[in-house]
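Subject: Structure for you to look at

Hello,

I am handing over the structure below. Please open it alongside this email and follow the notes with it.

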Amino acid sequence: MQKGRHKKVRYIQKMPQTVQFSPRGKVGRPDEIELTVDQFEAIKLADYQGYDQAEGAQFMRVSRPTFGRIVRQARTVLADALVNSKIIRIRIGDVQVGVRNRSIP
């Protein structure tokens, strides 16, 4: 049985085209780290498309503090992967794809 509050469904524009990124130049099989699709979407909205946390939260239909937490977690995952040469694997979680009244430019 799951403890705590039920995780709210997060809304994303579309699934990522690539679900794995792998470093080159490292001998052997690198370690893997997991980036959830909602973390991917939050990074895309905040860092790639330049939306602030309030706008990003509105697009994903979560609270602003939740959006900020998702972005922080995603940045930690990405930093770990870059610094330690890890494979980034994007995992699908509790998300709803492409269901928005307003599209993102």
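What follows is a description of the fold, the helices, a few single residues and the salt bridges.

This is a predicted model, in which local features need pLDDT of at least 70 and side-chain atom pairs count only at pLDDT 80 or more, while totals for chains, interfaces and linings use all residues. Residues are numbered from 1 along each chain as its sequence is written, and side-chain values use heavy atoms, with hydrogens and water left out.

Overall fold

The protein has three helices and five strands. Helices (H or I, at least four residues) and strands (E, at least two) are DSSP runs, numbered from the N terminus. In order from the N terminus, the elements run β-β-β-α-α-α-β-β. Of the 105 residues, 36% count as buried. Here buried means under 20% relative accessible area, exposed means over 50%, and partly exposed is in between, with a 1.4 Å probe and protein chains only. A contact means heavy atoms within 4.5 Å. Among contacts between residues at least 6 apart in sequence, 82% join residues at least 24 apart.

Helices

Helix α1 is mostly covered, with nine of its 12 residues buried. These are V37, D38, Q39, E41, A42, I43, K44, L45 and A46. K44, for instance, counts as buried at 14% relative accessibility. Leaving aside residues up to four places away in sequence, K44 touches Q13 and Q49. Just after α1, G50 takes a positive phi of about 80°.

Helix α3 has 20 residues and reaches 28 Å from its first C-alpha to its last, close to the 28 Å expected at 1.5 Å a residue. That expected span is 1.5 Å times one less than the number of residues. The buried residues of α3 are T66, F67, G68, I70, V71, A74, V77 and A81. What covers them includes β1 (10-12), β3, α1, α2 and β4. Just after α3, S85 takes a positive phi of about 50°.

How do α2 and α3 pack, and at what angle? Helix α2 (residues 53-60) meets α3 at an angle of about 100°, with the axes 8 Å apart. This makes α2 roughly perpendicular to α3, because angles of 65 to 115 degrees count as such, those under 35 as roughly parallel, those over 145 as roughly antiparallel and the rest as oblique. The axes are lines fitted to C-alpha atoms, for helices over the stretch in contact, and the angles run from 0 to 180 degrees between N-to-C directions. On the α2 side the contact is made by Q53, A54, G56, A57 and M60, and on the α3 side by R64, F67, G68 and I70. The residues of this contact divide into five nonpolar, three polar and one charged. In that division, Ala, Val, Leu, Ile, Met, Phe, Trp, Tyr, Cys and Pro count as nonpolar, Asp, Glu, Lys and Arg as charged, and the others, Gly among them, as polar.

A residue in strand β2

F21 is in strand β2 (residues 20-21). It is partly exposed, with a relative accessible area of 42%. Not counting residues up to four places away in sequence, F21 touches K86, I87, I88 and I90. The C-alpha atoms of F21 and I88 are separated by 5.1 Å, although the two residues are 67 apart along the chain.

Salt bridges

A salt bridge is a side-chain nitrogen of Lys or Arg within 4 Å of a carboxyl oxygen of Asp or Glu. By this rule the count comes to six.

One of them joins R89 and E32, with the closest N and O atoms 2.7 Å apart. The pair links distant parts of the chain, R89 being in strand β4 (residues 87-91) and E32 in strand β3 (residues 32-36), 57 residues apart. R89 is partly exposed at 31% relative accessibility, and E32 is partly exposed at 39%. R29, E32 and R89 are linked in a network of salt bridges.

Another salt bridge is between D47 and R75, at 2.5 Å from N to O. This pair also links distant parts of the chain: D47 is in helix α1 (residues 37-48) and R75 in helix α3 (residues 64-83), 28 residues apart. D47 has a relative accessible area of 44% and is partly exposed; R75 is partly exposed at 41%.

D80 forms a salt bridge with K86, where the closest N and O atoms are 3.0 Å apart. D80 counts as partly exposed at 21% relative accessibility.

Regards
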